[in-house]
Amino acid sequence: MRFLLKYLRPYIKECVLAPLFKLLEATLDLFVPLVMTWIIDEGIAKEDTSFILLMGGLLLGFAIVGAVIAITAQYFAAKAAIYFQTDVKHALFEHIVHMSAESKNKLGSETLITRMTGDMNQVASCVNWSLRLFLRSPLIVVGAMVMAFAIDVRCALIFAVLIPVLSFIVFLCLRITIPLYKNVQKRLDKVLLHTRENLAGVRVIRAFLRQDKEKETFGKENSKLQKEQLHVGRISSLMNPLTLLIVNAAMMLLIYVGGVRVDIGGLTQGQVVALINYMSQILIELIKMADVIILVNKSLASADRIKEIFEIGDEDRRKEDSCDGVFSARASEKTKDESDSPVLECKDMSFSYPGSRESALEDINISVNKGETLGIIGGTGSGKTTLLSLLLGYYKASRGVLDIFDRDSKDWAQDALRKRVGYVHQRSVLFSGTIRDNLLWGDESATDEKMWEALRIAQADEFVSQKDGLDTVVEAGGKNFSGGQRQRLCIARALVRNADIYVLDDAFSALDTATEAKLRVQLSDHVKKLKATLVIVSQRISSVKNADGILVLEDGKQVGYGTHDELMSSCEVYREIERIGGDAS
């Protein structure tokens, strides 16, 4: 939690004013029983109506002023908590965006979402309640004790015994329930994870008729959560009856002792009523303190989970920050030495995913010069996407050398490298907004003419012009476009950026043969015009047949590298792909 408190520093004023206003409210509450004493002993006993009205007006004034103070305190506490939550979420999102793929995989997207939403809300709620009750409740307990002693020492001794006993019961319940609440939180995470997986894969679940099975699995997880919640709830529910039992017993004793003291003239009836009110205040505040302590402990667990995200990948971020200023400047320059060197070069490069003993890629050797096209082909699981992840800087080579623009990929800052790459993901990801909004991801300063040119090359200008042009609305995930249309829009987005390397990850899979052929011709001309390098990953030979070099992968190993004609004469795997129709799948 201490790690996150730095985000409260800009709101020190609110963090100070909220407790101070609560202290004022608590002070007013402590005087209310005294006013009641005066009304009973002076007004009612002496039948002084004007005095009763005067004191009643004073109580009304206390209520109005107390309400204003309470609202003001709540305003400052809520403001601090909301702005604190917003700042942490912004920092968390920025951190996640800059995390490497390796770091993200350690947690998973579902966990990241849960911690940014549920855990962050828990921490913000803790900040809000702590600012409101952190000083108020202790002041009420101590103040009520002092006021009781000021009224009558003998009766106050009951308070002196009561408070330690109540505190023991409250904190005993807390000691038992806090670990149980942590278990409930972990169980809740599992239920949320299962829910998100089902919502994300609802079509697959229906396609495999798994609805009943998934409902059964969810029911089991939910039942386990319910049992743990009921278990901890039963223990927590003992606190209120036990405290009420003890307080009622103490009140009975207080009334008896107070009655005796009234009979002998040691106390007035109004003072006995004040003592009972003070005891009630102590009970209420102790319960509030217990609730806040439970909330704080829950929040500490949530804060630890949030802190874990910041800690994971910090090394990547520090490296990126230290390199970005150097390499982003150098990366924007087309130096003479760079133009004379291979754009991509692998020398005995191997890679293993973190925690895996087996190599995902092994002994890759390729060299691609400026203006050339590299084709990468292989079956599912052959390592094509893994190789692209290395080229894009998501992972670093485990062994060997991977040079990009004549520099070791490990020396590149992620942002600096990706500014020079136009990338088309195999999933054809579009974002809600308009076609214009999506194309501007490639180049924020792109003109309409440039965007239309990119659409023309990607064979997307025809269907875009039939809609609302660049202002055509794109629904979430691009679901209002077909698979082929999404692919062409994603290709256009990459082309808007005048990149040094264009990477197309199975970007023609949803296109018909005629459209693909036209697109490849236009794309080839565009790349040659820019003197850029093109990397095409595909499972179809037709997509890579004309490449200057084709890398053939099988089970993470390089089984062939050369032109189409060379591979047809030297690579059995490549010939097999050709024999079965040119599809590596």
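I call a residue buried when its relative accessible area is under 20%, exposed when over 50%, and partly exposed in between (1.4 Å probe, protein chains only). On that basis, I find that buried residues make up 46% of the 585 residues in the protein chain.

Ground rules: this is a predicted model, where local features need pLDDT of at least 70 and side-chain atom pairs count only at pLDDT 80 or more, while totals for chains, interfaces and linings use all residues. Numbering runs from 1 along each chain as its sequence is written, and side-chain values use heavy atoms, with hydrogens and water left out.

**Overall shape.** I looked up the radius of gyration, taken over C-alpha atoms, and the globule rule, 2.2 Å times the number of residues to the power 0.38. The protein chain has 35 Å, whereas a compact globule of 585 residues would be near 25 Å. Its C-alpha atoms fill a box of roughly 115 × 45 × 45 Å along the principal axes.

**Elements.** I count DSSP runs, numbered from the N terminus: helices are H or I of at least four residues, strands E of at least two. The protein chain has 22 helices and 12 strands.

**α6 and α9.** How do the axes of α6 and α9 cross, and at what angle? Axes are lines fitted to C-alpha atoms, for helices over the stretch in contact, with angles from 0 to 180 degrees between N-to-C directions. Those of α6 (residues 153–200) and α9 (residues 239–263) come within 10 Å and cross at roughly 175°. That makes α6 roughly antiparallel to α9 (over 145 degrees; under 35 is roughly parallel, 65 to 115 roughly perpendicular, the rest oblique). Contact means heavy atoms within 4.5 Å; among the residues making it are Ile 158, Phe 159 and Leu 162 of α6 and Leu 242, Ile 246 and Val 247 of α9. By class, I get 17 nonpolar, 2 polar and 2 charged residues in the contact of α6 with α9. Here Ala, Val, Leu, Ile, Met, Phe, Trp, Tyr, Cys and Pro count as nonpolar, Asp, Glu, Lys and Arg as charged, and the others, Gly among them, as polar.

**α1 and α10.** The axes of α1 (residues 12–44) and α10 (residues 269–311) come within 8 Å and cross at roughly 160°. That makes α1 roughly antiparallel to α10.

**α13.** Last, I checked helix α13 (residues 384–391): 7 of its 8 residues are buried, including Lys 384 and Leu 387. Just after α13, Gly 393 takes a positive phi of about 85°.
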